[in-house]
Amino acid sequence: MKTVHKLRIAMMVTALAAAGGAHALDNGGFMKVADTSTTSGSAMHPAPANNASGMSSRTEGDRTNGATTDSRTDASADNAKQAVTDSALTTKIKTKLLTAKDLKSTGIHVKTKDRVVNLTGSVPSSEQKQLAVDTVKSVEGVDSVSDNLKVSSR
């Protein structure tokens with residue numbers, strides 16, 4: 001049941017990241033709190049107009065701040081997309097481990113960062129350890145696996 005819930009959340013986060021803007025979670029669910037499609041102002045706080053003839057609508061200082069803000073927004077969006085990608089990849093890996101035949105995966109912990117998978121926890125035998133690593137390597141999107149599994153008979 002937890003896997004289904006995590007998968008549902010990962011899919012919602014992916015959809016929100018693709019939609020652009022910033023989102024927040026409140027008691028009623030997700031809500032949009034900012035839109036990245038406009039670079040100056042918003043519906044609640046429009047950018048001030050510069051009505052002087054021959055003047056552009058933005059000052060030099062605004063252009064500099066806008067560029068800095070845009071690059072920070074792009075970096076934040078890239079980080080969010082990578083986090084979503086890693087989260088979705090972790091979900092795929094856990095699902096594959098749980099459905100792998102002859103693998104006791106309940107003691108395996110999975111963390112993913114930049115498509116590098118870190119396996120921790122314990123398995124009952126070296127064969128189980130190798131099966132777990134091979135299973136994770138077979139998941140599409142995994143760049144490498146850091147195997148920190150311990151073999152311990154319980």
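Modeller: Three strands make up an open sheet, ordered β3-β4-β5, with mixed pairing. The model is predicted, so local features require pLDDT of at least 70 and side-chain atom pairs pLDDT 80 or more, while totals for chains, interfaces and linings use all residues. Residues are numbered from 1 along each chain as its sequence is written, and side-chain values use heavy atoms, with hydrogens and water left out.

Biologist: What makes β3 and β5 the edges?

Modeller: β3 and β5 each have a single partner strand, so one side of each lacks a neighbour in the sheet. The twist from one strand to the next averages 10°, where axes are lines fitted to C-alpha atoms, for helices over the stretch in contact, and angles run from 0 to 180 degrees between N-to-C directions.

Biologist: Why is the link between Asp147 and Lys129 called a salt bridge?

Modeller: The term requires a side-chain nitrogen of Lys or Arg within 4 Å of a carboxyl oxygen of Asp or Glu. The N to O distance for Asp147 and Lys129 is 3.8 Å, so the pair qualifies. By this rule the count is one salt bridge. Asp147 lies in strand β5 (residues 144-151) and Lys129 in helix α3, so the pair ties together parts 18 residues apart in sequence.

Biologist: Why is Thr112 called buried?

Modeller: Buried means under 20% relative accessible area, exposed over 50%, and partly exposed in between (1.4 Å probe, protein chains only). Thr112, in strand β3 (residues 108-113), has 15% and is therefore buried. Thr135, in helix α3 (residues 126-137), is likewise buried, at 9%. Asp147, at 33%, is partly exposed, and Lys129, at 23%, is also partly exposed.

Biologist: What does Thr135 touch?

Modeller: Not counting residues up to four places away in sequence, Thr135 touches Lys96, Leu97, Ala100 and Leu103.

Technical notes: Helices (H or I, at least four residues) and strands (E, at least two) are DSSP runs, numbered from the N terminus. Contact means heavy atoms within 4.5 Å. Two strands pair if DSSP finds at least two bridges between them.
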